[in-house]
Amino acid sequence: MAEALQEARAAAARGEVPVGCVVVRGTEVVARASNRTLADRDPTAHAELLAIRQATAALGSERLNDCDLYVTLEPCAMCAAAVSFARLRRLYYGAGDPKGGAVDNGVRFFASPSCHHRPEVYGGIGESEAGTLLKEFFAARR
């Protein structure tokens with residue numbers, strides 16, 4: 001999670017919402033990304049999607065069954081679906097997101113009967129630092 005938090009800080013420095021993500025296989029980080037929705041002018045350029053794309057390209061497979069994803073904020077519905085479609089083994093996330101999260105909040109995507117793959121989910125990893133990054137980012141914009 002420390003590396004995902006580093007990515008989140010880099011996003012904040014660029015003026016992006018501070019969300020960072022890494023995909024890990026064993027002890028190796030195979031992909032890393034942070035939000036780029038503003039820079040790319042792309043509403044789908046969330047850290048999770050960018051990291052999943054990098055990981056599938058690096059590993060030469062659309063399936064990441066032996067990989068884990070670490071992200072600083074609870075994934076939204078779009079990102080939760082991508083985690084499921086990529087068949088990631090485990091999802092670790094930092095801060096919960098009562099408004100936009102879709103794992104333990106909102107639609108609870110992995111509990112849906114239409115969800116075909118459910119990763120193991122561990123929330124609250126690095127929650128304090130991830131939450132502080134987000135709060136400070138948005139407080140500075142108000």
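Begin by selecting Asp68, Arg89, Arg90 and Glu120, which are linked in a network of salt bridges; a salt bridge here is a side-chain nitrogen of Lys or Arg within 4 Å of a carboxyl oxygen of Asp or Glu. The structure is a predicted model, in which local features need pLDDT of at least 70 and side-chain atom pairs count only at pLDDT 80 or more, while totals for chains, interfaces and linings use all residues. Residues are numbered from 1 along each chain as its sequence is written, and side-chain values use heavy atoms, with hydrogens and water left out.

Select Arg90 and Asp68 together. Their salt bridge has its closest N and O atoms 3.3 Å apart. This pair links distant parts of the chain, with Arg90 in strand S4 (residues 90–95) and Asp68 in strand S3, 22 residues apart. Helices (H or I, at least four residues) and strands (E, at least two) are DSSP runs, numbered from the N terminus. Is Asp68 buried or exposed? Asp68 is buried, with a relative accessible area of 6%, and Arg90 is partly exposed at 22%. In these terms, buried means under 20% relative accessible area, exposed over 50%, and partly exposed in between (1.4 Å probe, protein chains only).

The side chains of Arg90 and Glu120 meet in a salt bridge of 3.3 Å, N to O. This pair also links distant parts of the chain: Arg90 is in strand S4 and Glu120 in strand S5 (residues 120–123), 30 residues apart. Glu120 is partly exposed, its relative accessible area being 35%.

Display S3 and S4 as a cartoon. The two strands run parallel and are joined by five bridges; strands count as paired if DSSP finds at least two bridges between them. Between S3 and S4 the chain passes through helix H4 (residues 77–85), and this β-α-β crossover is right-handed, meaning that, with the strands pointing away from the viewer, the path from the first strand over the helix to the second runs clockwise. Which residue of S4 stands opposite Val71? That residue is Tyr93. Tyr93 also stands opposite Gly123 in S5, and S4 and S5 pair in the parallel sense over four bridges. S4 is mostly covered, as five of its six residues are buried.

Move to strand S1 (residues 20–25), which is mostly covered, with five of its six residues buried. S1 pairs with S3 (residues 68–73) in the antiparallel sense over four bridges. With strand S2 (residues 28–34), S1 pairs in the antiparallel sense over six bridges. Select Val24: its bridge partner in S3 is Asp68, and its bridge partner in S2 is Val29. S1 and S2 form a hairpin with two residues between them, and Gly26 in the turn has a positive phi of about 65°.

**Last stop: helices H1 and H5**

A search of the whole structure finds eight salt bridges. To view another of them, select Arg9 and Glu129, whose side chains meet at 2.5 Å, N to O. Arg9 lies in helix H1 (residues 2–13) and Glu129 in helix H5 (residues 127–141), so the pair ties together parts that are 120 residues apart in sequence. Arg9 is partly exposed at 37% relative accessibility, and Glu129 is partly exposed at 39%.

Finally, select Lys135, which is also placed in helix H5. Lys135 counts as exposed, at 65% relative accessibility. The C-alpha atoms of Lys135 and Pro18 are separated by 9.8 Å, although these residues are 117 residues apart along the chain.
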